[in-house]
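Reader: I'd like a close look at one part of this: the chain interface. Could you talk me through it slowly, with the bits that sit around it?

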Amino acid sequence: MTQELNYLKESPSQTAGPYVHIGLAPGAAGFDIYRQELGWDIAGPNAKGERIRVEGIVIDGTGSPIKDVLLEAWQANSEGIYAHPEHPGEVEDGFRGWGRVITDFATGEWGFDTVKPGPVMGRNGRMMAPHINLWVVARGINVGLNTRIYFEDEVEANAADPVMNIIEWERRRATLIAKRTERDGQIVYRFDVKMQGEDETVFFDI
Amino acid sequence: MSTKGEFYQRDRLWHPPAYAKDYKTSVTRSPQYALISLQNSASEITGPTFGHRDIDPIDNDLISNYAQAGESPIGERIIVHGRVLDENGRPVPNTLVEIWQANAGGRYRHKKDTYLAPIDPNFGGCGRTLTDENGYYYFRTVKPGAYPWRNWVNDWRPAHIHVSVFGSGFAQRLITQMYFEGDPLVATCPIVNTIPDKAAINQLIAALDRNATIPLDTMAYKFDIVLRGRRSTLFENRLEGN
């Protein structure tokens with residue numbers, strides 16, 4: 001026998017279910033209850049950097065859009081600073097870096113407006129390419145899925161990114177790179193998430 | 001001197017697997033490739049913070065936060081309370097806890113829910129609060145009803161409350177469900193049973209807590225939530241490399 005370690009165990013995850021909107025986006029469920037819903041303004045009015053929109057769809061193993069997804073984004077500002085007391089540096093007043101968005105009930109499309117994040121210092125002094133951390137929950141997803149959105153126009157930074165480089169299969173890295181387009185004068189990045197199949201998105205155990 | 005470091009590895013054998021064939025919706029929504037394991041960087045150790053300007057005091061009272069003046073929802077009045085702790089047993093203070101649930105008849109106020117049990121005009125079904133400096137939180141609500149769902153043809157969800165918690169870093173983000181002591185539907189629920197370990201399931205079953213009951217008024221259930229713990233960095237290279 002040995003001494004007991006007595007750590008607690010993390011509460012096991014359960015699916016967010018089909019009615020996640022009631023709790024986290026009640027307006028989308030069809031009713032108005034809170035003074036303000038949380039997570040609709042990621043960057044705030046004072047954020048420096050390039051204003052962008054990120055859009056996509058989440059596709060299941062049959063190739064169909066998933067229409068009851070909730071996604072949360074967590075990102076640094078344009079200078080690579082997270083709005084968090086443990087991250088050195090200051091962010092602009094009103095910059096939160098966090099947002100949540102749901103997919104359209106009819107089409108499965110989602111999208112949010114923000115600023116493009118800057119590179120963030122990673123482990124051991126290795127700079128990480130600009131990226132948005134993404135957390136995906138839905139009915140049928142038992143534990144929320146973590147992935148990262150990288151940007152197509154950051155070719156050199158992406159190639160040097162320490163997280164990209166631990167993905168052994170180079171062709172899978174492409175699943176993390178959002179495609180840059182322009183629409184009505186606005187920069188739009190397209191980031192589709194595939195749950196299964198040949199181009200299954202890389203998901204991380206963080 | 002030690003400082004706060006990375007989160008303990010998530011025990012993937014304690015959590016449900018992505019693919020659980022008896023929970024049919026998971027079949028086409030589960031990644032087939034293995035997750036890529038990441039050591040934490042600033043992107044995972046940091047996470048959103050919330051304050052009292054984000055929410056209102058009434059938000060944790062589901063008995064009154066959607067009721068018309070002088071009315072209240074139908075159902076067993078209950079308090080759900082407990083602490084948010086990490087795996088080291090330390091309280092997680094000032095963290096956002098959000099809940100949502102069906103009404104006492106098992107019907108959700110959601111435009112996609114078509115179950116024949118009626119909507120309760122005095123019940124919205126969601127609440128949110130911040131833990132205090134000791135990690136403590138509480139809600140007042142009515143006990144949700146069981147309801148049928150399309151999985152096997154005669155599946156019924158046990159009474160449950162959905163719970164969303166943030167913690168201090170994005171790697172602690174968690175959504176789970178709280179069940180109720182003594183509910184016979186827990187044992188046969190395909191969603192509950194995505195969790196392989198019985199002890200892990202028990203961790204999601206709130207106990208009737210008569211000490212927290214308000215006599216002649218409201219029953220209480222105690223539900224502690226545990227988030228991933230954090231390592232103290234003792235001799236490691238400093239994470240940021242600066």
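Author: Start with Thr194(B) and Gln14(A), whose side chains are joined by a polar contact of 3.4 Å. (A polar contact is a pair of N or O atoms within 3.5 Å; within protein, one has to be able to donate a hydrogen and the other to accept it, and residues adjacent in sequence count only if both atoms are side-chain atoms.) Bear in mind that this is a predicted model: local features need pLDDT of at least 70 and side-chain atom pairs pLDDT 80 or more, while totals for chains, interfaces and linings use all residues. Residues are numbered from 1 along each chain as its sequence is written, chains are lettered from A and ligands numbered from 1 in the order written, and side-chain values use heavy atoms, leaving out hydrogens and water.

Back to Thr194(B): you'll find that residue in the loop between β10 and α2 (198–202) of chain B. (Helices, H or I with at least four residues, and strands, E with at least two, are DSSP runs numbered from the N terminus.) Thr194(B) is buried, at 4% relative accessible area. (Buried means under 20%, exposed over 50%, and partly exposed in between, with a 1.4 Å probe and protein chains only.) Leaving aside residues up to four places away in sequence, Thr194(B) touches Gln14(A) and Asn142(A) across the way, plus Pro16(B), Pro17(B), Ala20(B) and Tyr23(B). (Touching, or contact, means heavy atoms within 4.5 Å.)

Now zoom out to the whole interface. On the chain B side, 95 residues are in contact with 79 residues of chain A. Together the two chains bury about 7,800 Å², 55% of it on carbon and sulfur atoms. (Buried area is the accessible area, taken with a 1.4 Å probe, that two parts lose on being put together, summed over both.) In chain B, Arg29(B), Ile36(B) and Phe170(B) lose the most area to chain A, together 11% of what that side buries.

On the polar side, 57 residue pairs are in polar contact between chain B and chain A, both residues being at pLDDT 80 or more. Strand β10 (residues 174–180) of chain B gives the most to the side touching chain A, with 5 residues. That side of chain B divides into 41 nonpolar, 30 polar and 24 charged residues. (Ala, Val, Leu, Ile, Met, Phe, Trp, Tyr, Cys and Pro count as nonpolar, Asp, Glu, Lys and Arg as charged, and the others, Gly among them, as polar.)

Strand β12 (residues 204–205) of chain A and strand β2 (residues 36–37) of chain B run parallel, joined by 2 bridges. (Two strands pair if DSSP finds at least two bridges between them.) There, Phe204(A) stands opposite Ile36(B).

Next, the charged pairs. Side chains of opposite charge can pair when their charged atoms come close. The count between chain B and chain A is 11 salt bridges, and a search over all chains finds 32. (A salt bridge is a side-chain nitrogen of Lys or Arg within 4 Å of a carboxyl oxygen of Asp or Glu.) In one of them, Asp56(B) meets Arg35(A) at 2.9 Å, N to O. Asp56(B) sits in the loop between α1 (42–45) and β3 (77–86) of chain B and Arg35(A) in the loop between α2 (26–29) and β1 of chain A, so this pair joins two chains. Asp56(B) is partly exposed, at 24% relative accessibility.

Arg100(A) and Glu98(B) also form a salt bridge, 2.9 Å from N to O. Arg100(A) is in strand β3 of chain A and Glu98(B) in strand β4 of chain B, so here too the pair joins two chains. Both Arg100(A) and Glu98(B) are buried. Glu86(A) has a salt bridge as well, with Arg230(B), the closest N and O atoms being 2.9 Å apart.

In β4 (residues 96–101) of chain B, 6 of the 6 residues are buried, so the strand is largely enclosed by the rest of the structure. In a regular strand the side chains alternate between the two faces of the sheet. Here both faces are covered, with Leu96(B), Glu98(B) and Trp100(B) buried on one side and Val97(B), Ile99(B) and Gln101(B) buried on the other. β4(B) runs antiparallel to strand β5 (residues 126–130) of chain B, with 5 bridges, and Ile99(B) stands opposite Gly127(B). Another 5 bridges join β4(B) to strand β9 (residues 160–165) of chain B, again antiparallel, and there Gln101(B) has Ile161(B) as its bridge partner.
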